[in-house]
Amino acid sequence: MAFLEINGLRKRFGSVEILKGIDVDLEKGGFLVLVGPSGCGKSTLLNTIAGLETITEGEIRVDGRTINDLHPSKRDIAMVFQSYALYPNMTVAGNIAFGMEMRGVPAQERQKAIDKVAKVLQIGHLLQRKPSQLSGGQRQRVAMGRALVRDPKLFLFDEPLSNLDAKLRVDMRIEIKRLHATPGTTIVYVTHDQIEAMTLATKIAVMRDGEVQQFGTPAEIYNNPTNLFVADFMGSPAMNLIPATIGSNGNA
């Protein structure tokens, strides 16, 4: 049975339908990348999984439990935002520990969790700094650390590397892949970058205009695109498309 199941999901804002019957699933320990051009609905889909947006129709199940009507805080999901969303008045340690503090986790346990995450993400020397004293890559590591300490059932990443320069993007891809290598870590990741999708994912959902154009492994999507949009959008460099007609003998 799939760990994450999305069945017939629709989302409307008034009369405008943003998501048009989404069906995807992901095994436990999988890495699903939602990829597509701007405005295709991928971030809206991620927000419905997180509970930040309600759904109009359909069902979302995580680990066998329907979460449609659950409050975001009850879903056991951690989200890393594009904008980092760090508290500017808190230190790195304070940002990482804030969620645990709100849940009443004892101070000794909080410190143990902070130290463990800081070691994994190599940010131990930054714990007493404020976000304004950090680089973009360091801020993203802190945002990841805040998600990691929760040890959630599911991680959600909303274009986390889009604000970073080329070298930092490569470095952070390695960090995210290292996170995914932790047994049982399940990730849903939004990007418009085909290279990120192909290098990180175990499954890819290519989206356009609120619909999934193709869902499969990176190899399936690269080698056997289902339509011209997928063929043109995926891969770097892009696939060459040549106009042709099919003759009566079946030859192009």
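Reply: Rings of Phe, Tyr and Trp (its six-membered ring) pair if their centres lie within 6.5 Å; planes under 30 degrees apart count as stacked, over 60 as edge-to-face and the rest as tilted. The structure holds five such aromatic pairs. In one of them, the ring centres of F229 and F233 are 5.5 Å apart and the planes are at 15°, so this pair is stacked. F229 and F233 sit four residues apart in helix α8 (residues 228-233), about one helical turn. Helices (H or I, at least four residues) and strands (E, at least two) are DSSP runs, numbered from the N terminus.

A word on the basis. This is a predicted model, where local features need pLDDT of at least 70 and side-chain atom pairs count only at pLDDT 80 or more, while totals for chains, interfaces and linings use all residues. Residues are numbered from 1 along each chain as its sequence is written, and side-chain values use heavy atoms, without hydrogens and water.

Now the contact. The chain is assigned domain 1 (1-76 + 153-251) and domain 2 (90-151); the bounds come from an automatic or database domain assignment. Their centres, taken over C-alpha atoms, are 28 Å apart. Each domain brings 12 residues to the contact, which means heavy atoms within 4.5 Å.

How much area do domain 1 and domain 2 bury between them? About 1000 Å², with 64% of it on carbon and sulfur atoms. Buried area is the accessible area (1.4 Å probe) that two parts lose on being put together, summed over both. On the side of domain 1, F155, M172 and E175 lose the most, together 43% of what that side buries.

The term needs a side-chain nitrogen of Lys or Arg within 4 Å of a carboxyl oxygen of Asp or Glu. The count between the two domains is one salt bridge.

Which elements give two or more residues to the side of domain 1 that touches domain 2? They are β7 (154-158) and α5 (166-180). α5 gives the most, with six residues. By class, that side has eight nonpolar, no polar and four charged residues. Ala, Val, Leu, Ile, Met, Phe, Trp, Tyr, Cys and Pro count as nonpolar, Asp, Glu, Lys and Arg as charged, and the others, Gly among them, as polar.
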